[in-house]
Amino acid sequence: MTFFSTRWLFAAVLGLAMAAGLAAPAEAQKRQNTIRFAYDQVPENVDPFFNNVRIGVIIAHQVWDTLIYRDPKTNEYRGQLATAWRWIDEKTLELDLRRGVKFHNGAEFTADDVVFTLNFVANPANRSTTQSNVNWIDRAEKIDAHKVRIITKRPFPAAIEYLAGPIVIHPAAYYQQVGPKGMNEKPVGSGPYRVVDHQIGRSITLQRNPDYFRDGPKPQPQIERIVIRFIPDRQTQVAEMLSGGLDFIMNIAPDQAQQMRAVPTLQIVSGGTMRIVFLNFATTENSPAPQLRDVRVRRAIAHAIDRQTMARQLVGEGSQVINAICFPSQFGCDASQAPVYDFDLGKARALMAEAGFPNGFDIELHAYRERNQSEAMINYLRAIGIRATLRFGQYAAMRDQVRANRAAMAHQTWGSFSINDTSASTPVYYKGLDDDISRDPKVIELLERGDTVTDPQQRIAAYREAHRIIGEQVYSVPLYNLVTFYAASRDLEFAAYPDELPRFWEMRWK
Amino acid sequence: MFSYTLKRLALAALVALAVSALAFVLLRLSGDVAIAIAGEGARAEDIAAVRQQYGLDRPLVVQYFDWLGRTLTGDFGQSLYFRTPVFGLIADKIQTTLILALAAILFALALSIPLGVMAAVWQNSWIDRLCLWIAVAGQALPNFFFALCLIMVFSIGLGWLPVSGTDGWENFIMPTVALGYYVTPPFMRLVRAGMVEVLNADYIRTARAKGLPSSTVIIRHGLRNALVPVVALTAVQLGFLLGGSIVIETVFALDGLGYLAYQAIAQKDFPVIQAVLMLLSIGYVLLTLAADLVNAWIDPRIRVG
Amino acid sequence: MSDIVQVPPVVAAVAPSRFRRRVLKHKGLLIGSAIFAAIVLMALLAPFVSPHDPYAQDLTNRLVPPVWYERGSWLHPLGTDNLGRDYLSRTLYGAQISLLIGLSVMLISGFIGTGLGLAAGYFGGRVDLVVTFIITTRLALPVVLVALAVVAMVGGTLGIVIAVLGLLKWDRFAVVMRSATQQVRSLDYVEAARAAGASQLRIILREVLPNVMPHLIVVGTVEAASAILLEAALSFLGLGVQPPLPSWGLMISEAKNFMFFSFWLIAIPGSALALLVLAINMIGDGLRDVTAPDSRS
């Protein structure tokens, strides 16, 4: 039986590895000052306004700069491309811009770049992917070469948070000339790294920007090159880490992370993130599963899933159960009035019987990541007779299914683009936008109020009420937040942040 | 020969046409292409506009011929996901897949010819059985499992080979083995059968009786004849490998057509799927056409049959 | 038509007594059949011998190793998977799903392929031309790619996976049946039956089909084995049988996440699947030998 012994196998594999000098490649990388990083998803477009995958956000912050910067440790705002800002009135934000900043193509950064970028992406005709990131902007105006004003459609107190998050600034002349398509092929930003090679669907190579402006919130980058490769199979990524072919990967399964701690050449770092997980139901008239239109069925499902155990066993340390579709630290994420559905199969079965489905029904569950968690939910649902089949695919494909109302249940996750304000989470799914598949007019109204009222107390009150209705109606089952596990070569010094953003510009070799 | 060639060409052309129609219809089964093209968040009027702009409101047959016409001129349309011309995407990957398929075939031949010859020479002995087992054993495992085992031993364990990527020839070694091994058995059986037949033929017996050294006999006289049908099989298997490398390319993150097709399927990127499907099918048709013509040229009996 | 499938010359069926003797002397065939029978038995008895419900998860009891480890226990003889489901029960039920896939795909594709091949071989002429055309077209389509695309579009339920593979994998049946039938057609007694005025259908069913049956079975074994492996490949790409059904292919592809550290998770369904595929192949090879006119040994 020794053949099956894990320890034997592991010892043999590692023994061979030592003999072959496993550490050698990592050493070489250190000498070459290159981090080799792999990710499983390919961004449809590297232009940060035209993708909504995590790797897109990661690349965005290495290659581009935002007007404002939020310190991930203190949550304080600091100037990045802007140096100071003030609200002129409820809907007008004025910003002073930094001087002496150069884009990677040599162009000088001025007010024109801000005005063009914001006006371009705020125009719905240009189809920026995540409309909620930009649709609060009415227009941007140039005051002088280094001063701009942003006029919002409604009072929008969270504007600063967005300007510190997803909204990067493109060089106007270049962007005007090449558009999002050209920006994808040859990206040009002002950030600490510039793209020196982009092989679409295969790899992106970043090179340290030697002219990166000083005195900004991001330090001068130390690592010379970042090579980002797209490796679809996670197992292949792990194999690359084990064999010294990569220096950095993220989103490792918790179980595997636990096991990888035993490998001497690696370090495993984990951190709770802002990414929340929830089970979203299509409840409008044209829902593909009419059974879900009955609130009792939805409550039954909420009672049937043991969120606490899933968080503890499948997600790992740092994961907390949530009771509203927002991350607890976000401003306005007040779930105090929302009902809590405890794990109770008796109640769940009774509700199913009451709704007229004592024998359950068949349904599809759409999902795109954390497949084991989808499967665990499917197994929980089996206990109350709901026979769910998994439809697993890429995020973009699932999003299209959801938006076309072809997904009855979706295992969603949402990272809020790391924006620490509820306007970046709940409204995306419940304010009547593309991803809203319950479209409750009352909730839409409340969220609208929460997004636009200036008085913080009134904002919180509006959001709180919205969370209460969403909870009572169970438009979603809120689950928990995710934990990201990183594996890196032992010599790399880096920190994990709740926003799942590896900051290559502050990494260095030990 | 001329009329056979003509007939065979006609069949190939018909098959190519049928395949293109299938590829076209297959992907229309999935629902409204207009919604996919219009993209996320499109309103009803956007979709209607797309339908008209792309001519999706015309009869299916008209659309097919229109699409076929454009495809024949090398215009495969736009990728729905990457929003770039499909032609560029494919042209970029085709080389990788071709190298992999050719290398895999060569590996399969290098493995199966000696095994087949040995099996035939020591027919029905334990050597015969062993040779068959070597060729067949690995087939009992799903090939992604086999591939991961290769990674485990040669990359993680011994550190000899890179796990994934498309940078150099080292990247192709494990994929070649993993893919090539899977087409070894048919070659091995064919070589063995051919050799058995040849070895029993009168002229070989005569040659042996004349006292020619048996290795000379086997290689000079036997193998040459036994290899004729192998040529045809090579062409067929090459076509098969071009389409069969999806799994292997995904495991080793080899940036070829199979990997592209897998991504395209996951993203429901129909123009790309259609184009890859067409390309692989037509490739197969051309390869088998070539094989048949070569065969007919070698063996005149086929032309009549 | 250059798909090379070796079709041995057809002769009148081997006499029953001699056939039995050959079978009993063929070790490979016997071993293969024994393993196959054991797996079938496992599948049939799964509901009675499984210690647990294969779908019952226990998240607090995950990744328990098999009993031969220190941490293992007889409660879960083969341990539990990453959701705390009993691995032995899942392996037993997995036999059902994998066998079901293999056999159903074989039957569907066998039916289509045999029909086409028989028609082409028996009638010849135009029918043969049309069938040849259909076969060539089918061969030109890459199986994995088409199967993946269709499953991705329609959804990967067990039924759909079986239907898609069944509709794609009939080519070898057709090729073999066509040439086998061509040979049988010219045999004396078939000619005689035709001369005696027997109906076409009767000749095909009574005279031709029994004679080509051995080839059919051999092709059937190859196809069943390859269908089981194809399902595993689809599962690997996330598009095979969908969770929580425990097909061996799905179990292997889910266990691959643990293969570098908990090898037993992939080794158990992996060896089960390998045994099944090997057994089916051994039966196929054995049958080829014992039905061939110049049998080995």
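**Exercise 1.** How many residues of chain C are in contact with how many residues of chain A?

*Solution.* Start with the ground rules. The model is predicted, and local features need pLDDT of at least 70, side-chain atom pairs count only at pLDDT 80 or more, while totals for chains, interfaces and linings use all residues. Residues are numbered from 1 along each chain as its sequence is written, and chains are lettered from A and ligands numbered from 1 in the order in which they are written.

Next, the term: two residues are in contact if their C-beta atoms, placed from the backbone, lie within 7 Å. By this criterion, 25 residues of chain C are in contact with 28 residues of chain A.

**Exercise 2.** Describe the side of chain C that touches chain B.

*Solution.* Begin with the counts: 34 residues of chain C are in contact with 46 residues of chain B. Then list the elements that give two or more residues to this side of chain C: helix 4 (125–140), helix 5 (143–154), helix 9 (200–236), helix 10 (248–255) and helix 11. Helices (H or I, at least four residues) and strands (E, at least two) are DSSP runs, numbered from the N terminus. Last, the composition is 23 nonpolar, eight polar and three charged residues.

**Exercise 3.** Which residues have the most contacts inside the largest nonpolar core?

*Solution.* A nonpolar core is a set of buried Ala, Val, Leu, Ile, Met, Phe, Trp, Tyr and Cys residues joined through C-beta atoms within 7 Å. A residue is buried if 20 or more other C-beta atoms lie within 10 Å of its own, exposed if 12 or fewer, and partly exposed in between, with C-beta atoms placed from the backbone. The largest core has 350 residues, and Ala147(B), Val276(B), Ala147(C) and Leu148(C) have the most contacts inside it. Helix 11 (residues 263–291) of chain C gives the most to this core, with 18 residues. Leu148(C) touches residues including Ile246(B), Ile265(B) and Leu234(C), not counting residues up to four places away in sequence.

**Exercise 4.** In what order do the 10 strands of the open sheet in chain A stand?

*Solution.* Two strands pair if DSSP finds at least two bridges between them. The order is 8-9-10-1-11-16-12-15-13-14, with mixed pairing. Strand 8 (193–199) and strand 14 (387–392) of chain A are at the edges with a single partner strand each, so one side of each is left without a neighbour in the sheet. At one end, strand 13 (residues 362–367) of chain A runs parallel to strand 14 and is joined to it by six bridges. Within strand 14, Phe392(A) stands opposite Ala367(A).

**Exercise 5.** Is Gly189(A) buried or exposed?

*Solution.* First locate Gly189(A): the loop between helix 7 (172–185) and strand 8 of chain A. Gly189(A) counts as buried, with 28 C-beta neighbours inside 10 Å. The residues that Gly189(A) touches include Trp64(A), Phe103(A) and His104(A), not counting residues up to four places away in sequence.

**Exercise 6.** Where does Glu500(A) lie?

*Solution.* Glu500(A) is in the loop between strand 17 (492–493) and strand 18 (508–509) of chain A. Although not a glycine, Glu500(A) has a positive phi of about 55°. Glu500(A) is buried, with 20 other C-beta atoms within 10 Å.

Definitions and conventions. Ala, Val, Leu, Ile, Met, Phe, Trp, Tyr, Cys and Pro count as nonpolar, Asp, Glu, Lys and Arg as charged, and the others, Gly among them, as polar.
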